[in-house]
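Please walk through this structure step by step. Start with one chain, then turn to the place where two chains meet.

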Protein chains: 2
Amino acid sequence: MRERILDVALELFIEQGYDKTSLRDIAERLGVTKAAIYYHFERKEDILLELHLRLHAIGRDALDELESLQTAEAQMAAWPALIDGLIEQVIANREIFLVHVRNRSAFEQLGDDPRHLAEQDDLEDQVRRLLSNPDIPLAQRVRMTCALGAVVGALTSASNVFADVPDDELAKLMRDAVRDLTAPPRP
Amino acid sequence: MRERILDVALELFIEQGYDKTSLRDIAERLGVTKAAIYYHFERKEDILLELHLRLHAIGRDALDELESLQTAEAQMAAWPALIDGLIEQVIANREIFLVHVRNRSAFEQLGDDPRHLAEQDDLEDQVRRLLSNPDIPLAQRVRMTCALGAVVGALTSASNVFADVPDDELAKLMRDAVRDLTAPPRP
DNA sequence: GTCTATATTTCGATAGAC
DNA sequence: GTCTATCGAAATATAGAC
């Protein structure tokens with residue numbers, strides 16, 4: 001049941017946004033009452049938090065591995081593979097990424113809550129740290145940031161534009177495109 | 001005064017999000033009461049709508065010009081210049097883009113309102129139409145979409161990472177990076 | 001685990017004085 | 001143009017029966 005609530009909440013948070021979605025909306029679509037939801041989640045915020053943790057789970061391993069690399073050179077070399085992995089993940093978990101893209105301020109305010117994870121656990125902070133590493137040339141860091149934005153932006157903001165393109169083909173086109181970003185500038 | 005309200009609203013909508021920002025929050029920061037705001041705006045939504053129109057104004061000319069080009073070839077050729085222009089605009093109007101990126105669902109639901117602009121006026125629809133043009137090869141459209149995502153994503157989501165980079169330098173780095181996306185694939 | 005019923009709060013919006 | 005005061009709606013959350 002907990003899972004069904006999360007599924008419906010995910011749908012509605014994408015359709016209407018987190019704030020415009022009341023617990024009654026979720027309950028009605030499930031055919032239960034509002035109070036039933038409170039048996040599974042103490043607060044409405046906890047539903048959002050759970051969805052947030054799923055994004056963390058998706059990105060954690062890849063990011064930890066990247067951050068464990070000691071030299072800037074090693075990190076730069078590993079970046080293209082990370083982006084390729086990200087493309088797969090966004091395509092495979094479109095809705096989790098979508099709900100984040102469409103409710104950024106709601107998700108960010110989860111951090112205000114004391115129950116939230118420690119700062120070092122936060123995914124965005126980890127990314128920021130990597131992109132701030134002064135040992136990596138600024139030009140390269142800008143390209144890395146662009147690559148991130150390109151993948152997430154293209155596959156979420158305009159996802160419906162390429163809705164009829166098979167996942168495999170879309171992934172290949174994305175990889176080809178973004179590779180020109182992460183690779184060193186052409187002569 | 002209307003302008004001061006919009007300035008403060010812009011700040012708060014970025015900091016806390018549109019839904020978590022009450023009219024009392026805005027009024028307090030201005031040193032007035034809630035009722036004073038209602039003299040300048042009929043509804044809270046109208047404040048958001050006004051901010052939305054500012055984004056439209058920024059992008060309209062460039063997009064209209066692009067859409068007026070008749071052939072797909074001409075449109076493809078004009079794209080790199082459009083992206084360069086976008087880089088300048090995002091840097092010059094960071095906050096307007098920021099408030100949109102952080103409150104996507106709120107802005108999208110402005111469309112549900114009958115007072116909203118006609119569908120053909122909507123900026124995102126216009127972009128979608130361009131990116132859906134079947135006369136442009138799919139691979140190129142994917143690259144165009146990536147370029148858009150890269151510019152907006154890199155300059156908003158991670159804006160603070162490059163906060164101490166001068167605007168001019170950042171713009172140049174962005175142009176260099178994204179050019180490899182819009183240009184034809186390398187051999 | 002789910003229900004009915006209700007408590008509590010907050011917010012958007014209005015009326016009318018100054 | 002701004003204020004005080006208040007209305008009414010809607011949402012989160014709780015209490016207690018089944």
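How many helices and how many strands are there in chain A? Chain A has 10 helices and zero strands. Keep in mind that this is a predicted model. Read from the N terminus, the elements of chain A run α-α-α-α-α-α-α-α-α-α. The C-alpha trace of chain A spans about 65 × 40 × 20 Å along its principal axes.

Now pick out two helices inside chain A. One is α5(A), residues 72-92. The other is α9(A), residues 138-157. Their axes come within 10 Å and cross at roughly 10 degrees. That makes α5(A) roughly parallel to α9(A), since angles under 35 degrees count as such.

Which residues make this helix pair meet? From α5(A) come Met76(A), Trp79(A), Ile83(A), Leu86(A), Ile87(A), Val90(A) and Ile91(A). From α9(A) come Gln140(A), Met144(A), Ala147(A), Leu148(A), Val151(A), Val152(A) and Leu155(A). By class, this contact has 13 nonpolar residues, one polar residue and no charged residues.

Helix α5 of chain A also holds Glu88(A). The side chain of Glu88(A) meets that of Arg175(A) in a salt bridge, at 3.1 Å from N to O. Arg175(A) lies in α10 of chain A, so the pair ties together parts that are 87 residues apart in sequence. Over all chains, a search of the whole structure finds 41 salt bridges.

Next, look at where chain A meets chain B. The contact takes 46 residues from chain A and 46 residues from chain B. The size of an interface is often given as the accessible area lost when the parts come together. Here, chain A and chain B bury about 3800 Å² between them. Of that area, 59% is on carbon and sulfur atoms.

What else is found across the interface of chain A and chain B? There are six salt bridges. Asp19(B) and Lys20(A) meet through their side chains in a salt bridge, at 2.5 Å from N to O.

Which elements of chain A give two or more residues to the side that touches chain B? They are α6 (94-102), α7 (104-108), α8 (123-132), α9 (138-157) and α10 (167-182). The largest share, 12 residues, comes from α9(A). By class, the residues on this side of chain A divide into 22 nonpolar, 11 polar and 13 charged.

Conventions
Residues numbered from 1 in each chain as written. Chains lettered and ligands numbered in written order. Predicted model: local features only at pLDDT ≥ 70, side-chain atom pairs only at ≥ 80, totals over all residues. Heavy atoms only, no water. Contact = heavy atoms within 4.5 Å. Buried area = accessible area lost by both parts, 1.4 Å probe. Salt bridge = Lys/Arg side-chain N within 4 Å of Asp/Glu carboxyl O. Helix = DSSP H or I, 4+ residues; strand = E, 2+ residues; numbered from the N terminus. Nonpolar A, V, L, I, M, F, W, Y, C, P; charged D, E, K, R; others polar. Axes fitted to C-alpha atoms, helices over the stretch in contact; angles between N-to-C directions. Parallel < 35°, antiparallel > 145°, perpendicular 65-115°, else oblique.
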